[in-house]
Amino acid sequence: MFSIIFMAVGALLFIVGYIVNPSTIEEVKHEMAAHGGDHGEEHATATHQEASELDGAGVRGGADTHGNAGGITEEPTTHATADHDADHAEAGHDDPDAHAAHALDQYHNKPWAAIYIAAFFFFMIALGALAFYAIQYAAQAGWSPLLLRVMEGITGYLLPGSLIVLLLLVLSGLHLNHLFHWMDPELTDPSSDHYDALIDGKSGYLNVPFFLIRAIIFIAGWNIYRHFARKFSLKQDEATDNRWHRKSFKAAAAFLVFFIVTESIMSWDWIMSVDPHWFSTLFGWYVFAGMMVCAITVIAMVTMYLKSLGLLPQVNDSHIHDLAKFMFGFSIFWTYLWFSQFMLIWYSNIPEEVTYFVTRIEDFKLPFFGMVVMNFVFPLLILMNSDYKRINLIVIMAGVIILAGHYLDVFMMISPATVGASWGIGLLEIGAIFFFFGLFVLVVFSTLAKESLVPKRNPLLEESKHFHY
């Protein structure tokens, strides 16, 4: 009932947000006027000034007046992405209708972006939990068997979550939204006024059929492993030997090889390609770190909740302590990757790279730096003390901050390229979070209720019961 209420409230908030979201140029112009008189002129002037300051290679952000990185290629001007702001700024400076049309593109993307961000966030928790689950089997970990069924319950969301994300990708491929503006055929048509040589050069990889084929392969592979991992785990409960456990070990080892490759490509396809002119060789690891810390946080929170109900009495403070150590460790790892990516790109000041961070710092300053504080400073201060890792309330408090911070992280990866300066966290975003949170809770706890919470015949179960750190 709790989860259904959240889904209903989320759907209602989203619908209200969609209704009040401007849908015509006149509404956009009216809203712009309501938020500061001539907001379009101000935004156009500011962005035009940015383009002038960034003109030429070696200058911080290096964009030409067409919004390009160092003037390398002509950028299309028909989509609501950060790469295009300078060109629209020039048009908008002389033509308020043109600027309003550009803002309208961004407003049209807002409902899609809100759904996509929330859908991906909860999907990545399930996928991260599956990877962590496989690691336990591959490592023959003795501390975690009491938690394996919790992980299986969380991975129950993988199938619906991944199918929802796939549906959104298909709808993007059908041009029902502009989340991935490289999908516009005009950008790869040399005869078009909006031809983009850089995107055309990547079209052998970035094309809709191949993009969707990759997505289907990834989702099929992840879900096939999850199906057999669950099957082997349940069969081991009734077995008289460890045959099914050995199968689980082999399947986990094979899956982890598949996962580490597909997770990186998935992060390039589903997230990094919303900014098709930018790339980072660290990006796959960066997404992986955020995915793992969110998954382990949810594992810890669900475990503590079930233990408070008396359903996992043999889970002790040492199990929670170990989960909190992983939360702390992956938070530090995420910070290391974030800083490495940011510092190297900012210091090298290569125009086509640094413009990614210029956009986020100038237009998204609060969420950009806020998520760093939430994902690094708070976990560091709260979970550094070993004793605090054993206190459920403190771990839950740290977990809430971590999850909120990594939602902002996903928001920061998607929003600048899809909704640009029209961003905000309002009814659309909150409604999407509520809906997917309710769906996530419904699926996870329905899965947990189907089988015993303790893997009865796991050969390492006794070690887990007596685990002490």
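I take a residue as buried under 20% relative accessible area, as exposed over 50%, and as partly exposed in between. I note at the outset that the model is predicted.

**Entry 1: the nonpolar patch**

I looked up Leu427 and placed it in helix α16, residues 427-448. Its relative accessible area is 37%, so I recorded Leu427 as partly exposed. I then found Leu427 in a nonpolar surface patch together with Leu12, Ile15, Val16, Ile19 and Val20. The accessible area of this patch comes to about 560 Å². Which helix gives the most to the nonpolar patch? I noted helix α1, residues 2-20, with five residues.

**Entry 2: the positive patch**

I next turned to charge on the surface. Lys231, Lys235, Arg243, Arg246, Lys247 and Lys250 gather there in a patch of positive charge. Both α9 (208-237) and α10 (243-270) supply at least two residues each, and α10 gives the most, with four. I checked Lys247, which is found in helix α10; its relative accessible area of 34% makes it partly exposed.

**Entry 3: salt bridges**

How many salt bridges does the structure hold? I recorded seven, and I examined several of them.

Arg149 pairs with Glu152, and their closest N and O atoms are 3.2 Å apart. The two residues are three apart in helix α6 (residues 148-155), which means a separation of about one helical turn. I found Arg149 buried at 2% relative accessibility, and Glu152 is buried with a relative accessible area of 2%.

Arg214 forms a salt bridge with Asp269, where the closest N and O atoms lie 2.6 Å apart. This pair links distant parts of the chain, for Arg214 is in helix α9 and Asp269 in helix α10, 55 residues apart. I noted that Arg214 and Asp269 are buried.

I also looked up Lys325, which bridges to Asp322 with closest N and O atoms 3.4 Å apart. Both residues lie in helix α12 (residues 317-348), three residues apart, or about one turn. Are these two partners buried or partly exposed? I found Lys325 partly exposed at 31%, whereas Asp322 is buried at 8%. Finally, I recorded that salt bridges with shared partners join Arg149, Glu152, Arg230 and Asp237 into one network.

**Entry 4: helix α11**

I followed helix α11 over its 26 residues, 283-308. From first C-alpha to last, α11 reaches 38 Å, close to the 38 Å expected at 1.5 Å a residue. I noted that 21 of its 26 residues are buried, so α11 is largely enclosed by the rest of the structure. Gly310 follows α11 and has a positive phi, near 80 degrees.

Note on methods: Residues numbered from 1 in each chain as written. Predicted model: local features only at pLDDT ≥ 70, side-chain atom pairs only at ≥ 80, totals over all residues. Heavy atoms only, no water. Patch = residues over 30% accessible without salt bridge, like charges linked within 9 Å, V, L, I, M, F, W, Y side chains within 5 Å. Areas by Shrake-Rupley, 256 points an atom, 1.4 Å probe, with all protein chains shown as cover. Salt bridge = Lys/Arg side-chain N within 4 Å of Asp/Glu carboxyl O. Lys, Arg positive; Asp, Glu negative; His and termini not counted. Charge placed at Lys NZ, Arg CZ, Asp CG, Glu CD. Buried < 20%, exposed > 50% of the residue type's maximum accessible area, 1.4 Å probe, protein only. Expected span 1.5 Å × (residues − 1).
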